[in-house]
Amino acid sequence: MESLRHQRLQPGVSGTLRASLRPGVSPGSRMSPQAPPGPLPGCSGPPPPLPPLSSLGAAGLGSMDMAGLGEAVDAVVRSFAKHTQGYGRVNVVEALQEFWQMKQSRGADLKNGALVVYEMVPSNNPPYVCYVSLPGGSCFGSFQFCPTKAEARRSAAKIALMNSVFNEHPSRRITDEFIEKSVCEALASFNGNREEADNPNTGIGAFRFMLESNKGKSMLEFQELMTVFQLLHWNGSLKAMRERQCSRQEVLAHYSHRALDDDMRTQMAADWVSREHSISGTISRELAATERELEEARLAGRELRFYKEKKDILIMALGQLGGSNTTTLPCSC
């Protein structure tokens, strides 16, 4: 029984439950490439939005122009340097690493250590682009025009340091007040009523349940959790789990404690391979749309892991296709 429950909660949507233990739904219920993903299991309406992270911290700076965003980031970096290193020019790459090492030394639960990881986008010409992943999984990218690779690295480190510092502020913690405000905004967005927020079988009710289950966590910590559910939603996995008779409570309980891993990514990539076999060009179109979303979010200084994971999964899907269907591979020129 436990083995069957585990199968039903897997993220894959292609194929059927069979002896190979490959989880999925029947081919007839496979999500078409254009079909929107389904809501949380047990929910009749669309899934609720994320909490208004944009109203707090650097995420809300996306409405600024580039100059305003740059000034805000520099101000935070200078303030951090003043209180930790004294006045003078700050090496923002070193400062970001020291910040997370300091958090770890003060007892922060960093399961994978305090290492900050940088990823440079391959390019022979400017502007150069760099991404930085924080120990918890959050991802940020260079948000300025960067004529050198070193400048791209510094730009990514600056926006990441700004978010890291802001994330320590008490206002960035999930509190009863924040939950109430978020639920009210979600109700307004979907023209819902108060009864929906109190009903655990509705999308808004599930949203409230997730917030209350994460009370006391910071915005970045909650965003890292929500990235998992965003990807499950995007991939159609939530719809597939509902069709496999998974309850909302099962899904939330299972994935609230499951980090993104290679197995999850591989299953999602396999689903996109299946869609590509049904409709040629599906992956390339989705990848192009994802790259546009990633670029827009990066230049706005927003957290990027959802977009970055989508892109990586789609590229993995292209790799799974291999040379057997090279017509779907994007041009590298």
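Three strands form an open sheet in the order β1-β2-β3, and the pairing is antiparallel. Strands here are DSSP runs of E with at least two residues, helices are runs of H or I with at least four residues, and both are numbered from the N terminus. Two strands pair if DSSP finds at least two bridges between them. The model is predicted: local features need pLDDT of at least 70, side-chain atom pairs count only at pLDDT 80 or more, and totals for chains, interfaces and linings use all residues. Residues are numbered from 1 along each chain as its sequence is written, and side-chain values use heavy atoms, with hydrogens and water left out.

β1 and β3 stand at the edges with a single partner strand each, so one side of each has no neighbour in the sheet. β1 pairs with β2 in the antiparallel sense over 4 bridges; Met120 has Cys130 of β2 as its bridge partner. Direction ignored, neighbouring strands of this sheet are turned by 20° against each other on average.

| Element | Residues |
|---|---|
| strand β1 | 117-120 |
| strand β2 | 130-133 |
| strand β3 | 139-141 |

Helix α5 (residues 176-189) packs against helix α7 (residues 203-213) at an angle of about 160°, with the axes 10 Å apart. Axes are lines fitted to C-alpha atoms, for helices over the stretch in contact, and angles run from 0 to 180 degrees between N-to-C directions. α5 is therefore roughly antiparallel to α7 (an angle over 145 degrees). The contact (heavy atoms within 4.5 Å) includes Phe178, Ile179 and Leu187 of α5 and Ile204, Phe207 and Leu211 of α7.

Terms used:
Angles under 35 degrees count as roughly parallel, over 145 as roughly antiparallel, 65 to 115 as roughly perpendicular and the rest as oblique.
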